[in-house]
Amino acid sequence: MTVASMIDDPVLARISDALDLYNAGRRAEAREAFARMWEEIEAGDPFHRCILAHYMADAQDDPAEELVWDRRALEAADKLARERPAEPSLSVLSLYPSLHFNLADALHRTGDDVAARKHLELARIASDSLADDGYGQMIRHGIERLAARTKFERLAGAFT
């Protein structure tokens, strides 16, 4: 099920369409679609900016560019949490584990292991908000794999 079919929101529908391009292996086209949308929503709803930046980061080939988009996604999530902390339709807490995990991975790949450790620890802490379902397990296993791969021993084995 796509984001667009779950939520009747034209911006999310467009993000979902661009995500379909990405998932079909058409990364450059997805990046172009995401970039066009970003120009339109950059000053708009932080939820839209968070979701778009999160997927745009995934579509990057260059880790430095991925890092830029991961930071934008986290910044938008922080703004959303400040502006609408009790909005029932948005679970901002469920976004943080993935946002911090992705940021940690990009930071590690760009050589900033100090910041990567910080965000990996934040991802681990935030993962307590995730359900014990497929998504939660996927994020927790990703955190474990990154901790093991980067030899962040203090974090490795946190979920076992």
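User: What share of the contacts in the protein chain with a separation of 6 or more comes from residues 24 or more positions apart?
Analyst: Such residues account for 53% of those contacts. The model is predicted, and a contact here needs heavy atoms within 4.5 Å.

User: Which secondary structure elements does the protein chain have?
Analyst: There are 8 helices and 0 strands. Read from the N terminus, the order is α-α-α-α-α-α-α-α. Of the 160 residues in the chain, 46% are buried.

User: Why are α2 and α3 called roughly antiparallel?
Analyst: Their packing angle is about 160°, and an angle over 145 degrees counts as roughly antiparallel. The pair α2 and α3 is therefore roughly antiparallel. Their axes lie 7 Å apart, and the crossing is left-handed.

User: Which residues of α2 and α3 meet?
Analyst: From α2 they are Val11, Arg14, Ile15, Ala18, Leu19, Leu21 and Tyr22. The partners in α3 are Arg27, Glu29, Ala30, Ala33, Phe34, Met37, Glu40 and Ile41. Val11, Ile15, Ala18, Leu19 and Leu21 are also among the buried residues of α2, as are Leu12 and Ser16.

User: How do you know that the span of α2 is close to the expected one?
Analyst: α2 has 14 residues, and its first and last C-alpha atoms are 20 Å apart.

User: What makes arginine 26 partly exposed?
Analyst: Its relative accessibility is 39%. Buried requires under 20% and exposed over 50%, so arginine 26, at 39%, counts as partly exposed. Arginine 26 sits in the loop between α2 and α3.

User: Why is the pairing of the side chains of arginine 26 and glutamate 29 called a polar contact?
Analyst: The two side chains are 2.7 Å apart at that contact, and the cut-off for a pair of N or O atoms is 3.5 Å. Arginine 26 also has its C-alpha 9.3 Å from that of alanine 59, 33 residues away along the chain.

User: What makes α4 mostly covered?
Analyst: In α4, 12 of the 13 residues are buried. They are Pro46, Phe47, His48, Arg49, Cys50, Ile51, Leu52, Ala53, His54, Tyr55, Met56 and Ala57. At the start of this helix, a side-chain oxygen of aspartate 45 reaches to within 2.7 Å of the backbone nitrogen of phenylalanine 47.

User: How do you know that α4 and α5 are roughly antiparallel?
Analyst: α4 and α5 pack at about 160°, with axes 8 Å apart. The threshold is 145 degrees, and α4 and α5 are therefore roughly antiparallel. Their crossing is left-handed. Among the residues that meet are Phe47, Cys50 and Ala57 in α4, and Glu66, Trp69 and Leu80 in α5.

User: Why is glutamate 66 called buried?
Analyst: Glutamate 66 has a relative accessible area of 10%. The limit for buried is under 20%, so glutamate 66 is buried. This residue of α5 is in contact with Ala57, Gln60, Ala106 and Arg109, leaving aside neighbours within four places in sequence.

User: What makes valine 68 partly exposed?
Analyst: Valine 68, also in α5, has a relative accessible area of 32%. That value falls between the 20% and 50% limits, so valine 68 is partly exposed. Its C-alpha is 7.6 Å from that of alanine 57, 11 residues apart in sequence.

User: How do you know that the span of α8 is close to the expected one?
Analyst: α8 has 16 residues and reaches 22 Å, against 22 Å expected at 1.5 Å a residue. Its buried residues include Gly136, Ile139, Ile143 and Leu146. Just after α8, lysine 151 takes a positive phi of about 65°.

Conventions
Residues are numbered from 1 along each chain as its sequence is written. This is a predicted model: local features need pLDDT of at least 70, side-chain atom pairs count only at pLDDT 80 or more; totals for chains, interfaces and linings use all residues. Side-chain values use heavy atoms; hydrogens and water are left out. Buried means under 20% relative accessible area, exposed over 50%, partly exposed in between (1.4 Å probe, protein chains only). Helices (H or I, at least four residues) and strands (E, at least two) are DSSP runs, numbered from the N terminus. A polar contact is a pair of N or O atoms within 3.5 Å; within protein, one must be able to donate a hydrogen and the other to accept it, and residues adjacent in sequence count only if both atoms are side-chain atoms. Axes are lines fitted to C-alpha atoms, for helices over the stretch in contact, and angles run from 0 to 180 degrees between N-to-C directions. Angles under 35 degrees count as roughly parallel, over 145 as roughly antiparallel, 65 to 115 as roughly perpendicular and the rest as oblique. A crossing is left-handed if the near helix is turned anticlockwise from the far one by less than a right angle, and right-handed if clockwise. The expected span of a helix is 1.5 Å times one less than its number of residues.
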